[in-house]
Amino acid sequence: QVQLVESGGGLVQRGGSLRLSCAASGFTVSNRSMTWVRQVPGKGLEWVGDIIIVGSRPYYGDSVKGRFTISRNNAENTVTLQLNSLEPEDTGVYYCARGSLGGLAAYDLWGQGTQVTVSS
């Protein structure tokens, strides 16, 4: 079964850290671009960052650059999002998504999301 399953969300205080994991099955993460996005309350989806197929350097949105880190574990077939120096504005549901290989949609597979709540 082809799917993505996120885990690792939770409640953390301002300045704290969390580590989100996206476990893939049915395909190999090293062969696809993988992206993290978040749904912030009252706002649309916000791109957090991604890690592409060619090359290993991830890309990040301006709001998370320097605080969040994306990595890929090929042996475990997972993509991880390390969240540091968390702020209440980082509260939201975090999703990992697989980049599509063509067509109109940027992503062709989504996880169910994991909730991150940052208290002040």
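**View 1. Leu-109 and its surroundings.** Leaving out residues within four places of Leu-109 in sequence, this leucine is in contact with Val-2, Gln-3, Leu-4, Phe-27, Cys-96, Ala-97 and Arg-98, where contact means heavy atoms within 4.5 Å. Before we look further, note that this is a predicted model, in which local features need pLDDT of at least 70 and side-chain atom pairs count only at pLDDT 80 or more, while totals for chains, interfaces and linings use all residues. Residues are numbered from 1 along each chain as its sequence is written, and side-chain values use heavy atoms, with hydrogens and water left out. Leu-109 sits in strand β10, residues 107-110; strands (E, at least two residues) and helices (H or I, at least four) are DSSP runs numbered from the N terminus. With a relative accessibility of 14%, Leu-109 counts as buried. Here, buried means under 20% relative accessible area, exposed means over 50%, and partly exposed lies in between (1.4 Å probe, protein chains only). Met-34 is 75 residues away from Leu-109 along the chain, yet their C-alpha atoms are separated by 9.8 Å.

**View 2. Arg-98 and its partner Asp-108.** Arg-98 belongs to strand β9 and is buried, at 11% relative accessible area. With Asp-108, the side chain of Arg-98 makes a salt bridge of 2.8 Å, N to O. Arg-98 is in strand β9 and Asp-108 in strand β10, so this pair ties together parts that are 10 residues apart in sequence. Asp-108 is partly exposed, at 37% relative accessibility.

View 3. How many salt bridges does the structure hold? There are seven, a salt bridge being a side-chain nitrogen of Lys or Arg within 4 Å of a carboxyl oxygen of Asp or Glu. One of them links Arg-38 to Glu-46, with the closest N and O atoms 2.8 Å apart. Arg-38 is buried at 3% relative accessibility, whereas Glu-46 is partly exposed at 25%. Another joins the side chains of Asp-62 and Lys-65 (3.3 Å, N to O), and Asp-62 is exposed, at 69% relative accessibility.

**View 4. The disulfide.** A search of the whole structure turns up one disulfide, which is a pair of cysteine sulfur atoms within 2.5 Å. The bond runs from Cys-22 to Cys-96, with 2.0 Å from S to S. Cys-22 is in strand β3 (residues 18-25) and Cys-96 in strand β9 (residues 92-99), so the pair ties together parts 74 residues apart in sequence. The torsion about the S-S bond is about 65 degrees, so the disulfide is right-handed. Is Cys-22 buried or exposed? Cys-22 is buried, with a relative accessible area of 1%, and Cys-96 counts as buried at 1% too.

**View 5. The largest nonpolar core.** This core has 25 residues, and those with the most contacts inside it are Leu-4, Met-34, Trp-36, Phe-68, Leu-81 and Tyr-94. A nonpolar core is a set of buried Ala, Val, Leu, Ile, Met, Phe, Trp, Tyr and Cys residues joined through side-chain atoms within 4.5 Å. Several strands each supply at least two residues, including β4 (34-39), β5 (45-51) and β11 (114-119). Which strand gives the most to this core? Strand β3 does, with four residues.

**View 6. An open sheet of four strands.** The order is β1-β3-β8-β7, with antiparallel pairing; two strands pair if DSSP finds at least two bridges between them. At the edges are β1 (3-7) and β7, each pairing on one side only. Six bridges join β7 to β8, and Asn-73 stands opposite Thr-78 in β8.

**View 7. Two loop residues with positive phi.** Most residues other than glycine have a negative phi. Asn-77, in the loop between β7 and β8, has a positive phi near 60 degrees and is buried at 15% relative accessibility. Ser-85, in the loop between β8 and β9, has a positive phi of about 50 degrees and is partly exposed, with a relative accessible area of 39%.
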